[in-house]
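User: I'd like to learn how to read ring pairs and nonpolar cores in a model. Can you walk me through this one?

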Amino acid sequence: MTETGGKRKGAPTGRGDGRNKKKKTGGNAGKWKTPHHQAKGTSGGLSGESSLQPGDTGIWVTCARHQENKSAREAKMLFTEYAEKVYGIKEDAGAGPDDEDDGDIEAAIQKEIAALNTKGTGDEAPLFTPLKMSVDCLLFFKTRAPIEPVEFVRRICQDAKACADPGQLKSRYMNRLTPSTIVGKASENGIIEVAKQALAPFFDLSGKRAAAVVNAAPLAEPVVTEEPASEGGTGQTAQADGAEASVGADGQGTVDVSLPASGIEDAGAKPQQDKQKAFTFAIRPTIRNNGKIKRDFVINEVAGLINNERHKVNLTAPDKVILIDVYQAVCGMSVVDGDWEELKRYNLTELYGLANKVKLNEEPSGEKEAAVARAGAGTQE
């Protein structure tokens, strides 16, 4: 005998009528989003519309985890202040990403209209455009002329090192600043092209000379001792100038081992290269979120562009430091002065901490003891 008054139980995985409950698939919680809000939620950049392109210049900014928006606002205020201090350009720092009310649709629409009107007038782009990369704790500030990233960042770090007043600290969320004079694609050919543009003002890029000597040694070895006597004292200058002709004349491969093949082709550029100072250098690569580009490859390829007879490697006290930053598919490069290590690799947090230590050491012993006593009393309370 079956029960007729009881309720029938529903299916274990569905409703009583046999239909499964439809799952909720996202949405915007009932809020209508403008393009500004949509762009703000993407990983393309804090500015919402700008993106990093080959040929751009700017500054990498590392920050505390999950503090990218606050760090962007902080960096924009700092950079705007120094743009006025260094270049005499006054620009409104603007509101940071956290200052906007996501629920104020009317304000967002007005901002979109204002942005479109600005495009139509042909006004110049802002000096600093923050871009949020799809890498944790990393931002990129795209710059435009007259901002020169290397000298600009160095000035900020020098002032941070000299800052002895804790009330003047300008970095709470930012950590390291790294300038990039040129940005390109993080590929084998892309890194080489970026290196040629970034290194050209400082180094002779005629290539490694040691490699040329090794390759030419088998051909030049039987000729080095006999050729001067047969030529009747033509001299080193005539030998260098006629190296290519002598190869075709006797068919023995007579080559002056002191002159690489690239040196013959670049003879016209030699006077300009002679004006360059013979800087020593070190290469400091940083690679994140890229499994194809290896550290050794980057170092060998970039070092292979530089004339190693004119510019020697010095890892302890170089005149110039080549900074190479590879993040995902982007590569940035710059050449900074040798005080990069002294300035804590442009880490603002460490520079401000160093300044406080220096101030504490310079205080008289009585004031130090009083400060320690006050700190101890506060701890006991």
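Analyst: Buried means under 20% relative accessible area. Keep in mind that this is a predicted model. By that cut-off, Phe203 and Phe281 are both buried.

User: How are the rings of Phe203 and Phe281 arranged?

Analyst: In general, you describe two aromatic rings by how far apart their centres are and by the angle between their planes. Here the centres of Phe203 and Phe281 are 5.6 Å apart and the planes sit at 70°, so the pair is edge-to-face. Phe203 is in the loop between helix H5 and helix H6, while Phe281 belongs to strand S6, so the pair ties together parts 78 residues apart in sequence.

User: How many aromatic pairs does the structure hold?

Analyst: There are 8 aromatic pairs. Some chain up: Phe79, Tyr87, Phe128, Phe141 and Phe152 are linked into a cluster by ring pairs.

User: Which residues have the most contacts inside the largest nonpolar core?

Analyst: That core has 31 residues, and Phe79, Leu177 and Leu348 have the most contacts inside it. Elements giving it two or more residues include strand S1, helix H2, strand S4 and helix H13. Another core, of 23 residues, lies apart from it, with Ile191 and Val302 among its members.

User: What is Leu177 in contact with, beyond its neighbours within four places in sequence?

Analyst: Its partners include Ile59, Trp60, Val61, Phe79 and Leu348.

User: And which ring does the charged end of Lys320 sit over?

Analyst: The ring of Phe279, 5.1 Å from its centre. Likewise, Lys85 lies over the face of Tyr82, 4.3 Å from the ring centre.

Notes. Residues are numbered from 1 along each chain as its sequence is written. This is a predicted model: local features need pLDDT of at least 70, side-chain atom pairs count only at pLDDT 80 or more; totals for chains, interfaces and linings use all residues. Side-chain values use heavy atoms; hydrogens and water are left out. A nonpolar core is a set of buried Ala, Val, Leu, Ile, Met, Phe, Trp, Tyr and Cys residues joined through side-chain atoms within 4.5 Å. Buried means under 20% relative accessible area, exposed over 50%, partly exposed in between (1.4 Å probe, protein chains only). Helices (H or I, at least four residues) and strands (E, at least two) are DSSP runs, numbered from the N terminus. Contact means heavy atoms within 4.5 Å. Rings of Phe, Tyr and Trp (its six-membered ring) pair if their centres lie within 6.5 Å; planes under 30 degrees apart count as stacked, over 60 as edge-to-face and the rest as tilted. A charge sits over a ring if NZ of Lys or CZ of Arg is within 6 Å of the ring centre and within 35 degrees of the ring normal.
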